[in-house]
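Look at the structure first, then work through the points by topic.

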Amino acid sequence: MSSIIPVFDTIKLFEFPQRGDERGHLVIVEGAKDIPFDIKRIFYIYGSDNEVVRGQHANRQSEFVFINVAGQSKIRVRDGKGNEAIFPLNRPHVGIYLPKMIWKDMYDFSPDSVLLVLSDKHYDPDEYIRSYDEYVKEVVGESK
């Protein structure tokens, strides 16, 4: 079972179980056991230049876990209420959980970076918020 480190409100860092010996390492991530949802979608980002910023959106319905399984990158998260944090992902057994309605920017990719993303939902372009101003308006509207 993964160990959980809370960050702000609902964002959490997970340290996943590792097994290893002289043959190498194995990291285990099981849906609804090591992370708080069943996995419906998996995708990964690689080959991004360190000047590239990916993400730049929030999701109305999807939850995510990000794991840099090779190399390193950073994720900046914002909750639309003034909270912001930057997470360097540089260990293949550590991931960050982002619930729905969190703004995310992925950047500063190393040349060998492979950023694995697990999600609880299938892709739906209609649930994406791609304007930060629109996102803040929705967040403020939710909290009233």
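Asp-105 is buried, with a relative accessible area of 4%. The model is predicted. Asp-105 forms a salt bridge with Arg-76, and their closest N and O atoms are 2.7 Å apart. Arg-76 is partly exposed, with a relative accessible area of 26%.

**The pair Arg-76 and Asp-105**

- Arg-76 sits in strand E8 and Asp-105 in strand E11.
- The two residues are 29 apart, so this pair links distant parts of the chain.
- Why is Asp-105 called buried? Buried means under 20% relative accessible area, and Asp-105 has 4%.
- Side chains of opposite charge can pair when their charged atoms come close.

**Lys-74 and its partners**

- The side chains of Lys-74 and Asp-108 also meet in a salt bridge, at 3.2 Å from N to O.
- Asp-108 lies in the loop between E11 and E12, while Lys-74 is in strand E8, so the pair ties together parts that are 34 residues apart in sequence.
- Lys-74 counts as partly exposed, at 30% relative accessibility.
- Asp-108 counts as partly exposed too, at 31% relative accessibility.
- Which residue is the bridge partner of Lys-74 in E11? It is Tyr-107.
- In E9, Pro-88 stands opposite Lys-74.

**The sheet**

- Five strands make an open sheet with antiparallel pairing.
- What is the order of the strands? It runs E9-E8-E11-E6-E13.
- Strand E9 (84-89) and strand E13 (128-129) stand at the edges.
- Each edge strand has a single partner strand, so one side of each is left without a neighbour in the sheet.
- Strand E8 (residues 73-78) pairs with strand E11 (residues 103-107) over five bridges, in the antiparallel sense.
- E8 and E9 also run antiparallel, joined by six bridges.
- E8 and E9 form a hairpin, with five residues between them.
- Gly-80 lies in the turn of that hairpin and has a positive phi of about 80 degrees.
- In a regular strand the side chains alternate between the two faces of the sheet.

**The nonpolar cores**

- How many residues does the largest nonpolar core have? It has 18 residues.
- Phe-66, Val-77, Ile-96 and Leu-115 have the most contacts inside this core.
- Strand E7 (64-70), E8, E9, strand E10 (94-98) and strand E12 (114-119) each supply at least two residues of the core.
- A second, separate core has nine residues, among them Phe-14, Phe-37, Tyr-97 and Leu-118.

**Salt bridges and the helix**

- The structure holds eight salt bridges.
- One of them joins Glu-134 to Arg-60, with the closest N and O atoms 3.1 Å apart.
- Glu-134 is in helix H1 (residues 132-142), and Arg-60 is in the loop between strand E6 (54-59) and E7.
- The two residues are 74 apart, and their pair links distant parts of the chain.
- Glu-134 is partly exposed, with a relative accessible area of 36%.
- Arg-60 counts as partly exposed at 24% relative accessibility.
- Which residues do salt bridges with shared partners join into one network? They are Arg-60, Glu-134 and Glu-138.

Note on methods:
Residues numbered from 1 in each chain as written. Predicted model: local features only at pLDDT ≥ 70, side-chain atom pairs only at ≥ 80, totals over all residues. Heavy atoms only, no water. Pairing = 2+ DSSP bridges. Helix = DSSP H or I, 4+ residues; strand = E, 2+ residues; numbered from the N terminus. Core = buried A, V, L, I, M, F, W, Y, C linked by side-chain atoms within 4.5 Å. Buried < 20%, exposed > 50% of the residue type's maximum accessible area, 1.4 Å probe, protein only. Salt bridge = Lys/Arg side-chain N within 4 Å of Asp/Glu carboxyl O.
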